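Subject: Model handover

Hello,

Here is the model for you to look over.

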Amino acid sequence: MKTSGMTTLADYLLDRSLPLETRGSYLLSLGFRDFERSDYNLRLLAGEPPGVFSFLELGEALVTAVCQAADPDASLSNFERFAEAFGGKLTLFRYLQDDPRALEVLAQLFGFSQFLSEILILNPEYFDLVTNLERLSQPKSTGELASDLTHSMATLHSRDLRLDTMRRFKRREILRIGLRDMLQLVDLPAIVRDTSHLADALVEAAFRLSVQTAYNLPPDSFMEETQAPISVFALGKLGGEELNYSSDIDLLFVAGIAEDRTLMRVAEQTIQNLAQSTGEGYLYRVDMRLRPQGSSGPLAPSIDYCLSYYESWAEPWEMQALIKARQITGDRQLGTRFSRFVEGLVYAKQVDISAITEIQHVKKRMENRLSHHSEDKMNVKLGRGGIRDVEFTVQLLQLLTGADHPELRTGNTLDALQRLKDLGRIAEVEAMKLQEAYCYLRRLENYLQIVDEFPLHSLPEDREALNRLARRMGYRGNEPGARLEAELQQLTDAVRITHERYFYPEAADLSGEEASQLELILSEDQPDFLCKDFFEGYGLEDPVRARENLRLLALGPAHVHVPLRTRRLFLQIAPAIMRAVSLSPDPDGALNQLESLSSAVGNRASFFLSLSRNPQVVEALAMLASISEPMMQILLTHPEFFDALMAPEIMTSEKTMTGMLEELQPRMAVENQRESRLNALRRYRHREMLRIAVRDLTGSADVLAVHREISALAEACVRAAYQVAVEDTRQLPFSSLGIIGLGKLGGRELHYASDLDIAFVYRPLERTTGEFRPFQLTSFCDRLIQALSEITAEGWAFKVDTRLRPEGGTGALARTLVSYEEYWKDWMEPWERLALLRARFVAGDGSLSELFLHRAQDLNFCKPVDLEVLEGLRHVKQRVETERTDSESDSLDIKLGPGGLSDIEFTAQWLQLKHGRDIPDLRIPSTLGALQRLHKHRVLTEEEFSVLREAYLFLCRLEARLRVMEANAPPLLPRSGKRLEVLARSLGYHAEDSTAGERLLKNHARQAGQVREVFLRRFCGGTE
């Protein structure tokens, strides 16, 4: 090992003439910080000649390994002590020469944790753990640990000897777990589970010893299952199987008999067995303050006492603590009875809002106490965005949701968070951030504690100590502590944002002055001009109307006296409403529509309470209210849909056609009349459109997901309408009927205002007598179309367009497959060939429809694709552009105008038609899917594909947003005005060097120009 201006390790150890300064520089260059200490330990390890020559055979590798440890000085010092304790340095050195991996593990361990190092130094016989990594990789269950422990104590009859054995057992197992952790053989959840399983086994052993002592049982009774009527429950981190290296353990004893002195002695002796310090140390610090009445309550309360206390006297935070209650040992039947009681009580159907408020106040008091000690930033457990923020967020959601979802009733934070995410009770992106931060913070907390087995929770202030911690966490290079702090800040900021969204929906940062201002605004005495600055601060342009809307929202149209509870609920949620309104694209419109919604819902207290429990819904409602009058009209007409919006899974879960049909069919089945069934269909359609719009406007679904869900909804409705038509027809005029989706329905690209392009193919009845009457078939198809399109008391579901059928509006509404084939062979126009590219089975007879699609593809791609076809398509495209666009208009047609969606679709479909014969993979109804496959098969260049894909997604999103703003309006992008600004802000554009609208127009112009260039080159430039 050479360094700049320095010789080898051998020179350092053998050349006694080297100056002190030179030797110091050498050691410092290797990474040691304490020259005298490292020099002393290195020379002790090497020994005197001739032993030093044996050391030098390993020395280079040893020093290299030591200097890669988190604390090289500690590593070298502990290495020297271990070598001395091992019983023969030369034996150890020879072994490590043969096993370089063991050398690396030792060096890493000795610089990682003084606590673990001491265990190995005091017990060198544990060296086998270091050398057997395969064995380290295997976890141990509580049962395996308990069996190993019982076996090691089986021949010991003395209580003291058994206690010492338990302590030695813990040391070895903690070393094993620590090595698994340090070597990253498993993740954080597995490590805290390991430490918890070890504690479970030791608590059970301590309990059995206490039963043996209290009941004067023979020594061998320790090996048997105890029958004492008392159960031991874990709470806190042990209850959740999340124990740290230096955690206290929170226990609760539940006795089957009231005030039984023997059972009391069992509890006392169990605690003593765990916490008493012997010559071998102690096992755990035991905290009993979470029992009923805390430190002043009985140590082993009876189950009846517990039931009475928790039902009548327990504080909300005590109920929260019971989330993590888990039986460890003792009377199983008694434990099961208590567990069922706790579960029913904690996860009650009706959650008291005052209990939730009190839990929030407890958390706030904890934060205030910490801030007075200036530890907030440094404390990974209690600081802002720390472990407690994650735990309180998860536990609050468990309390609010666990009644209806038993799978949430777990004491493990990560398990609960995963289940909340699976149920959609927390947004996926937020759940992932909390999971990542929680694992990081818990690992950081563990590594703070593992150095000296001391319950630390705050980062060290000393920079070198912080750097050592960072190196334990895996950071390397210069100033790793600074990088740790930066990542920690990023993670805790994300946690805090999510925590405040769910845990403080009433806006915890609201000052008293702002709260007073809100109350003044609601009063009659406050002049309007004094409210101006307040409302303008939230982006509202009409303060007078805003004030009136806020008062109507809180008090109703008559301004009559409302209950104090309702008024307080409003004042709690009002800041969140105002913030959400200010962040919306049109604050004035949002507040106006929210006021209308509160009136439509009726019960204001229930409305405000629902919003306070679902802060993310406030933002969603504000966005919806500011953007989409059509969707708000659905909500105002059906305020019962508001309850559906309260389920957080609405933000995260995408539904399939099958799932929607399973929801729709029972709703229609309970109705006896045709019109009632159709109304049920329309109500479901409206609710689902509202749900999809909320996901869209809040960014929970991209435009492709919006297309998929609306298309799935349309398909479910078509299938339901087909069933209605079948049920209303006495004798079907066909053997089978297939419904084919074309256009956007075929491509699964429907937006909010899309018509459904469909065609019918049927198989005739097999008749030997009688006459086929075409009008009966037409009547059936009309019935199906009316089931979707006709206006009932609930409006209409989807408009249907059948003009893409052969011969257009003048042709037969339904044809046989043979009739279609004859038409395709002899009469099909070029534009109809493009339309067939997007054909897809939607409803009815699947086998007949698949046969239709197969024959359509065969005939479409066997026909020539030549200049005549291209010219025919060019003519159709030019005529559409000329007749339906206006270059002088004050808006831009994003569909039919130059560079619009039509250009992309014509380009993709022309290339599909042209190359689909030779490349069957191109025969796909989706526009984006076609572009991707055209690029895959090198029909489109990388640049062309990039341009068309980016523009397609941009234009689809723009069209969807225009359609959700005004359902029946054409897809026209305004060139100026407020509507343009609202549209742009809703799409995420912000005013910087220009207005949001100008930036949107600039982006549209850029992409439209690029699309037009590709279109002209590939569609208008020739057949090649």
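Predicted model: local features only at pLDDT ≥ 70, side-chain atom pairs only at ≥ 80, totals over all residues.

Residues are numbered from 1 along each chain as its sequence is written, and side-chain values use heavy atoms, with hydrogens and water left out.

Overall build. The protein has 47 helices and 11 strands (DSSP runs numbered from the N terminus: H or I of at least four residues for helices, E of at least two for strands). Its C-alpha trace spans about 105 × 75 × 75 Å along the principal axes. Of the 1024 residues, 56% are buried (under 20% relative accessible area with a 1.4 Å probe, protein chains only; exposed is over 50%, partly exposed in between). Among contacts with a separation of 6 or more, 72% join residues 24 or more positions apart (contact means heavy atoms within 4.5 Å).

Cores. The largest nonpolar core holds 150 residues (a set of buried Ala, Val, Leu, Ile, Met, Phe, Trp, Tyr and Cys joined through side-chain atoms within 4.5 Å). Helix 36 (residues 703-727) gives the most to this core, with 15 residues. Leu635, Tyr752, Phe760 and Leu1000 have the most contacts inside the core. Leaving aside residues up to four places away in sequence, Phe760 touches residues including Leu737, Ile739, Cys781, Leu784, Ile785, Leu813 and Tyr820. A second, separate core has 127 residues, among them Ala65, Phe115, Tyr126 and Val495.

Helix pair. Helix 35 (residues 674-697) packs on helix 38 (residues 774-789) at about 50°, with axes 9 Å apart (lines fitted to C-alpha atoms over the stretch in contact; angles run from 0 to 180 degrees between N-to-C directions). Arg674, Leu678 and Arg682 of helix 35 meet Arg783, Gln786, Ala787, Leu788 and Ser789 of helix 38.

Helix 27. This helix covers residues 543-555, and its 13 residues should span 18 Å at 1.5 Å a residue (1.5 Å times one less than the number of residues). Its end C-alpha atoms are 18 Å apart, which agrees. Helix 27 is largely enclosed by the rest of the structure, because 10 of its 13 residues are buried. Pro543, Arg547, Asn549 and Arg551 are among the buried ones. Just after helix 27, Gly556 takes a positive phi of about 90°.

Best wishes
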